[in-house]
Amino acid sequence: APVVTTVYPTVLQTIDIRRHVPIILDLLTDNYAQWRRHFDTAIGMFGLRDHVDATALPRFDDPEWVMADHAVVHWLNTTISPDLLDAVMQHENTALTVWAAIDGIFRDNQLACAVYIDAEYHAVVQGDMTIMQYCTKLKSYTDQLRDLRQPVDDTQQLFHLLRGLGRQYHGAIPHLTARTPLPSFLQARSFFLLEELRAEQSALQQGVHAL
């Protein structure tokens with residue numbers, strides 16, 4: 001049985017979508033996840049999910065369905081930036097074609113961002129950073145990659161941590177990697193925080209003896 005719109009199209013035309021989707025979708029703002037959450041809720045509330053579902057059969061012979069589809073197109077146009085609207089506008093737009101075009105642009109944009117962030121992540125070395133600063137920086141990149149649907153598993157995170165460590169910690173790496181199972185990223189961080197503390201205490205004691 002076909003899915004029937006639960007709100008009359010004439011009522012849909014009176015709805016101020018900005019009250020339900022208080023975000024303007026913009027490529028530069030990176031707010032797709034928030035916008036998508038609000039828009040999904042709105043179309044669910046008003047029984048319009050079939051208009052953006054590629055598996056649902058369109059009902060172009062049903063005047064009420066067509067009016068409802070125009071309402072969803074209007075909602076989409078109203079909640080995206082002018083530049084993005086120019087990019088997705090096509091001749092004879094339907095809610096599904098606009099929805100799919102928006103999704104495609106943001107998936108492509110996310111992949112481009114992920115490639116850039118992944119390159120930066122691979123280039124991180126400890127340098128003058130403390131262990132905590134170094135690990136926090138690494139985690140900021142893995143968090144960003146996770147948000148872009150390119151998660152880095154814990155073993156890869158561990159290897160990146162070890163690869164970029166300062167030379168003063170290289171001697172401890174074999175001890176850590178000999179463990180079975182391998183330690184987690186957080187366990188390795190704790191291990192090297194202790195190593196850092198021991199080195200600081202040793203330096204202090206040497207300084208006292210030198211006096």
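Q: Why are H6 and H7 called roughly antiparallel to each other?
A: H6 and H7 pack at an angle of about 160°, with their axes 10 Å apart, where axes are lines fitted to C-alpha atoms, for helices over the stretch in contact, and angles run from 0 to 180 degrees between N-to-C directions. Angles over 145 degrees count as roughly antiparallel, and H6 and H7 are therefore described in that way. The model is a predicted one, in which local features need pLDDT of at least 70 and side-chain atom pairs count only at pLDDT 80 or more, while totals for chains, interfaces and linings use all residues. Residues are numbered from 1 along each chain as its sequence is written, and side-chain values use heavy atoms, with hydrogens and water left out.

Q: Which residues of H6 and H7 meet?
A: Gln110, Ala114, Ile117, Asp118, Glu120 and Tyr121 in H6 meet Leu138, Tyr141, Thr142, Gln144, Leu145 and Asp147 in H7, contact meaning heavy atoms within 4.5 Å.

Q: What makes a space in this model a pocket, and how much space lies in the largest pocket?
A: On a 1 Å grid over the protein atoms alone, a pocket is an open set of points where a 1.4 Å probe fits, with protein on both sides within 12 Å along at least five of seven lines, and its lining residues have an atom within 4 Å of a point. About 280 Å³ of space lies in the largest pocket; of its 13 lining residues, the closest to the centre are Asp30, Ala33, Gln110, Asp147 and Leu148. H3 gives the most to this lining, with four residues.

How values were computed
Grid points are joined across faces, edges and corners, and a volume is the space filled by probe spheres set on the points. Helices (H or I, at least four residues) and strands (E, at least two) are DSSP runs, numbered from the N terminus. Angles under 35 degrees count as roughly parallel, over 145 as roughly antiparallel, 65 to 115 as roughly perpendicular and the rest as oblique.
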